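Welcome! Please take a look at the sequence and the structure below, and then let us walk through them together.

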2 protein chains.
Amino acid sequence: MARFFVDELPHEGTEYTLDGENAAHAKVLRLRPGEEVTLCDGRGTDCPCTVVEGLTLRVGASLPCPAEPSAQVTLYLAFPKADKAEHVIQKATELGAAALVFFPSRYCVSRPDEKSLPKKLERWQKIARSAAEQSRRGVIPPVRAVDSYAQALAEAALADKPVLFYENEAHFGLRDLFALDGQSMAASTLALMTGAEGGFSEEEIVQARAAGLSICTLGPRILRCETAPLAGLTAVMYALGEL
Amino acid sequence: MARFFVDELPHEGTEYTLDGENAAHAKVLRLRPGEEVTLCDGRGTDCPCTVVEGLTLRVGASLPCPAEPSAQVTLYLAFPKADKAEHVIQKATELGAAALVFFPSRYCVSRPDEKSLPKKLERWQKIARSAAEQSRRGVIPPVRAVDSYAQALAEAALADKPVLFYENEAHFGLRDLFALDGQSMAASTLALMTGAEGGFSEEEIVQARAAGLSICTLGPRILRCETAPLAGLTAVMYALGEL
């Protein structure tokens, strides 16, 4: 079923006409009269509609999007090379991430300069929107950047459960984390932080611990910087019963 | 630590000289005398070595590779478009897959012809080898193809726990599967089957059930054909305590 994000959901029983990018998308899909489509406000509410004709829809009663996890998992990612960032944004959106926040770190090989960053973020946000449509998400995860590692740590530390995945942590894993907290995590907020191609420095790990983050392994296999956040997100979603 | 796959591990206490692709790789890495590297037979056994000089190593005592999961998880994948296949092979190797088997299915949009398949498989096997080196695997997952969906089902059904992920299965998930079988799965064999861009036909699902596969959901979000096998593999590795 086709899915369109709109700024404001129309009222039940009215007619609504798709416009802008949604209209262009609908033309590609060749919607037929009687077909069911979904409007979504991108903040968790869906509105089932029926195509009247062309781009005009009859609006149904809105309801909470059934594909949204109750846990809010935000990914904090050290800037990777650009194509990897796009990959992670698309996949993390499919897998249910609530938001993505990029930050610079000591061993980043590819930190966007101040000039290029706004354009990159605009492009990245479009990728999240498109992935949210395709995966039937009810929320378009916001994609942001912060200026420093310290700022990323401070933000992440506000989550109910902030975690940093570190390849040199040999023992403490996500299962230990969830064993400590039992099943009380289902509706909580989590922050999952991962490094860039070059990993984290030891000093950065000390800072993360001091900020209150749990340092976790993702197992004995060394994951690439674009694989680790998605593996962590998937494992957390499974552990929370969202998968 | 650098890692090199060799056909046969040399005896402890002897000297061994890297050759072929390993020599080329070692030159790029600029190994220094005294540096520790690992030789691996690609069948689960590691052999720590010390660089004597140039490409010559002093061979230590071999031991089981610590990065190999005890569960053997084989992915069965309907042929996706070529770049997606390469992506899945690389990531699944990192995440601990035991083997990858491609098969044709009704809605495949991109089935390689008989002429191009051997070259593709050769290329795909190289991707698995390279990913195994980087992620410190002890096994290079074999990458194969079978001629038919029926053959893929028959092979998958031989696993202790064969699973097919289907987007139209709304309720039964991996957690239900593992709840049924408790923790007895740790050293078992699993087969995880996923569809191509076009998904599975209803008839194919009937065939899979008849062959003994469990039909599972991966949650309410619709995953792309290259995301689903990796999400399933990650969740299984987490559930089995391998992550």
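Is Phe5(A) buried or exposed? Phe5(A) is buried, because 20 other C-beta atoms lie within 10 Å; the word buried calls for 20 or more other C-beta atoms within 10 Å of the residue's own, exposed for 12 or fewer, and partly exposed covers what is in between, with C-beta atoms placed from the backbone. This is a predicted model, in which local features need pLDDT of at least 70 and side-chain atom pairs count only at pLDDT 80 or more, while totals for chains, interfaces and linings use all residues. Residues are numbered from 1 along each chain as its sequence is written, and chains are lettered from A and ligands numbered from 1 in the order in which they are written.

- Phe5(A) belongs to strand E1 (residues 3-5) of chain A; helices (H or I, at least four residues) and strands (E, at least two) are DSSP runs, numbered from the N terminus.
- Beyond its neighbours within four places in sequence, Phe5(A) is in contact with Cys40(A), Gly42(A), Arg129(A), Glu133(A) and Ile140(A), where contact is judged by C-beta atoms, placed from the backbone, that lie within 7 Å.
- From C-alpha to C-alpha, Phe5(A) and Ala26(A) are 12 Å apart in space, and they are 21 residues apart in sequence.
- Met1(A) sits in the segment before E1 of chain A, and it counts as exposed because it has 8 C-beta neighbours inside 10 Å.
- Leaving out residues up to four places away in sequence, Met1(A) touches Glu36(A), Val37(A) and Thr38(A).
- Met1(A) and Glu35(A) are 34 residues apart along the chain, and their C-alpha atoms are separated by 8.6 Å.

**How the two chains meet**

- In chain A, 29 residues are in contact with 29 residues of chain B.
- Four helices of chain A each supply at least two residues of the side that touches chain B: H2 (82-94), H3 (117-135), H5 (174-181) and H7 (228-239).
- H7(A) gives the most to that side of chain A, with 5 residues.
- By type, the residues on that side of chain A are 13 nonpolar, 8 polar and 8 charged; here Ala, Val, Leu, Ile, Met, Phe, Trp, Tyr, Cys and Pro count as nonpolar, Asp, Glu, Lys and Arg as charged, and the others, Gly among them, as polar.
- The copies meet through the same surface, because 100% of the interface residues of chain A are also interface residues in chain B.

**Symmetry**

- Chain A is superposed on chain B by a rotation of 180° with 0.0 Å of shift along its axis (RMSD 0.0 Å), using least squares on the C-alpha atoms of residues with pLDDT of at least 70 in both.
- The two copies are therefore related as by a two-fold rotation axis.
- Ala235(A) has the C-alpha nearest the axis in chain A, 2.7 Å from it.

**Helices H2 and H3 of chain B**

- H2(B) (residues 82-94) and H3(B) (residues 117-135) pack at an angle of about 30°, with their axes 8 Å apart; axes are lines fitted to C-alpha atoms, for helices over the stretch in contact, and angles run from 0 to 180 degrees between N-to-C directions.
- Among the residues that meet are Ala85(B), Ile89(B) and Thr93(B) in H2(B), and Trp124(B), Ile127(B) and Ala128(B) in H3(B).
- The residues of this contact of H2(B) with H3(B) divide into 7 nonpolar, 3 polar and 2 charged.
- Ala128(B), found in helix H3 of chain B, is buried, with 24 other C-beta atoms within 10 Å.
- Not counting residues up to four places away in sequence, Ala128(B) touches Ile89(B), Thr93(B), Ile140(B), Pro141(B) and Val143(B).

**Two loop residues with positive phi**

- Arg30(B) is not a glycine, yet it has a positive phi of about 50°.
- Arg30(B) lies in the loop between helix H1 (20-29) and strand E3 (36-40) of chain B, and it counts as exposed, with 7 C-beta neighbours inside 10 Å.
- Arg136(B), also not a glycine, has a positive phi of about 70°.
- Arg136(B) lies in the loop between H3 and strand E9 (143-145) of chain B, and it counts as buried, with 20 C-beta neighbours inside 10 Å.

Notes: Two residues are in contact if their C-beta atoms, placed from the backbone, lie within 7 Å.
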